[in-house]
Amino acid sequence: MAAFYLVVDGHLLPGPNRAPPAQDPDVRQLEGSAAELPTTGPGWRYALSTFDDGGELNGCLVLHARTAPSPAQMIELRAKARATAPGAVEEAAGAHHQEHTAPLPAAPSVDDRLRILTATVLQLETRTSIQNALNGTLTAPLGQMSSRESLLAEVLSVLTGHPVCTEDGFGNIRAAAGTKSGHPYSRPSAADRARTVQLWHAFGLPVQEPRGLVALVLPDKDVLGAVCLVEDGRPYTADDVFALEYGTRLLQVELSHRRSVAQLELKLGGDLVHELVSGMDEETAAVRAGVMGYDITGPQHVIVAQWQPPRTDDTIVVALRRALRELQTPALVSRRSDITIAVATGDPLDTKLFTVAARTLRSATGAVGIGGPSHDVTQLPRSYEQALRALQIRVHSIDPYGCTRYDQLGIYRILDMPGSETELSDYVAEWLGALQSNDARRSSDLVHTLAQYLDHGGNYDDTADSLAIHRSTLRYRLKSIRQITGLDLADPETRLNLHVATRAWRLRSARQR
């Protein structure tokens with residue numbers, strides 16, 4: 001407050017021990033109206049008149065602030081001035097006397113009213129400063145900050161003096177400021193998040209939780225995120241709560257915009273699963289997945305499935321989605337040509353996935369490949385490649401139907417390593433070159449016969465059944481193999497090298513198809 005005036009004998013005079021500022025000579029000419037006053041420097045000056053219960057002018061306050069209050073703040077300021085007028089107080093006291101016999105409280109003195117109004121002006125100035133600081137996060141350069149959320153958290157932490165975290169709709173921490181670590185508390189459970197939503201709906205105020213004071217970004221039925229003033233042992237002031245609520249409204253604008261953009265991209269035909277396995281940045285992936293109600297943070301892995309005969313409709317997509325739901329594994333499922341692709345939460349599944357999917361499809365003539373775990377979105381393309389390799393190895397194995405996990409491939413992981421083509425070709429030629437030349441010249445199938453024989457551990461009956469030939473035919477072929485290669489199939493080291501060579505031959509054949 002810059003100055004105050006009192007009505008004495010019908011004239012506005014400066015308050016005791018105060019001289020009217022040089023720029024306020026027009027106050028006496030206002031005749032009880034409120035108006036903005038001229039100023040010689042930066043800032044805002046305003047004359048606010050007060051009246052008694054009879055409607056007579058009894059004083060005027062000259063207010064000063066760095067910036068002009070908003071219309072809503074002016075309404076609040078005028079209400080405060082009206083509430084402190086002697087007439088209003090006396091009216092309230094009279095109503096109280098009609099119900100009780102207690103003595104009427106004394107009307108507040110001029111000094112009391114001035115103190116109240118001064119406190120109101122200071123509060124408006126403080127909150128205007130908070131608004132200006134937070135509004136600046138929408139347009140200020142990010143500098144070393146990774147996102148608008150990080151900048152908002154940093155400014156909010158400086159304004160309140162409390163550590164601040166922003167969360168996504170699943171309770172994962174997206175940005176942190178003023179904390180010793182990026183994750184000062186664990187992610188709240190689904191039940192805890194649901195309770196917070198209920199309290200937020202019931203009271204419309206930030207909710208006190210064990211982790212701190214939490215305000216939700218909840219524009220409609222879906223929680224887009226939250227802002228938390230992290231518990232640090234100090235009480236939260238009214239200005240802290242104001243800053244938290246205002247910062248949350250700004251975050252709501254940002255997150256609502258991101259969601260609108262993501263929804264538009266989905267409507268335009270963007271396939272999130274394809275983009276995830278092709279390579280996508282984490283922030284965009286989190287927003288896009290959040291629109292679909294999927295939490296992309298934490299361990300993920302890619303699953304690919306293919307059934308025979310090939311299907312180009314969505315029957316495999318529906319079956320795999322149902323199987324994953326039955327196994328309580330959240331996932332995004334899509335299709336690319338005749339291969340179904342899923343990005344699933346948690347550690348890689350086991351063969352039960354194939355069993356459930358086959359039961360749903362009423363067909364076991366399919367193969368499923370499961371990639372290794374990816375700890376962030378950027379590793380999903382690698383998991384996808386691993387899943388495809390596991391699928392191809394399964395399809396071209398002795399048992400082409402079933403489920404294969406990349407981390408259980410054993411020697412195939414070495415044989416199928418990228419960049420190993422030249423060495424594998426030399427290795428195959430060294431151990432199988434003579435048989436391959438013979439097969440090409442005579443149109444025979446001795447390499448395949450040898451591969452089946454070694455895969456079945458040298459068992460004649462199982463090998464003959466797998467080749468659909470008689471045992472005597474198998475003996476004749478094995479005799480020919482020994483003669484052509486000059487190798488002893490009973491020697492353990494020879495059998496090992498031939499077995500590795502035939503598996504490498506299978507991989508090369510699969511790639512060439």
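A residue counts as buried when its relative accessible area is under 20%, as exposed when that area is over 50%, and as partly exposed in between (1.4 Å probe, protein chains only). By this definition Tyr 453 is buried, with a relative accessible area of 6%. The model is a predicted one, in which local features need pLDDT of at least 70 and side-chain atom pairs count only at pLDDT 80 or more, while totals for chains, interfaces and linings use all residues. Residues are numbered from 1 along each chain as its sequence is written, and side-chain values use heavy atoms, with hydrogens and water left out.

**Nonpolar cores**

- A nonpolar core is a set of buried Ala, Val, Leu, Ile, Met, Phe, Trp, Tyr and Cys residues joined through side-chain atoms within 4.5 Å.
- The largest such core has 36 residues, of which Leu 134, Leu 156, Leu 216, Leu 229 and Leu 244 touch the most other members.
- Leaving aside neighbours within four places in sequence, Leu 156 is in contact (heavy atoms within 4.5 Å) with Leu 134, Val 164, Val 227, Leu 229, Ala 243 and Leu 244.
- A second, separate core of 23 residues includes Leu 276, Tyr 294, Ala 367 and Tyr 384.

**Aromatic pairs**

- The structure holds 3 aromatic pairs, where rings of Phe, Tyr and Trp (its six-membered ring) pair if their centres lie within 6.5 Å, and planes under 30 degrees apart count as stacked, over 60 as edge-to-face and the rest as tilted.
- Phe 242 and Tyr 246 form a stacked pair, 6.2 Å centre to centre with 15 degrees between the planes.
- Tyr 453 and Tyr 460 form an edge-to-face pair, 6.1 Å centre to centre with 90 degrees between the planes, and Tyr 460 is partly exposed at 23% relative accessible area.
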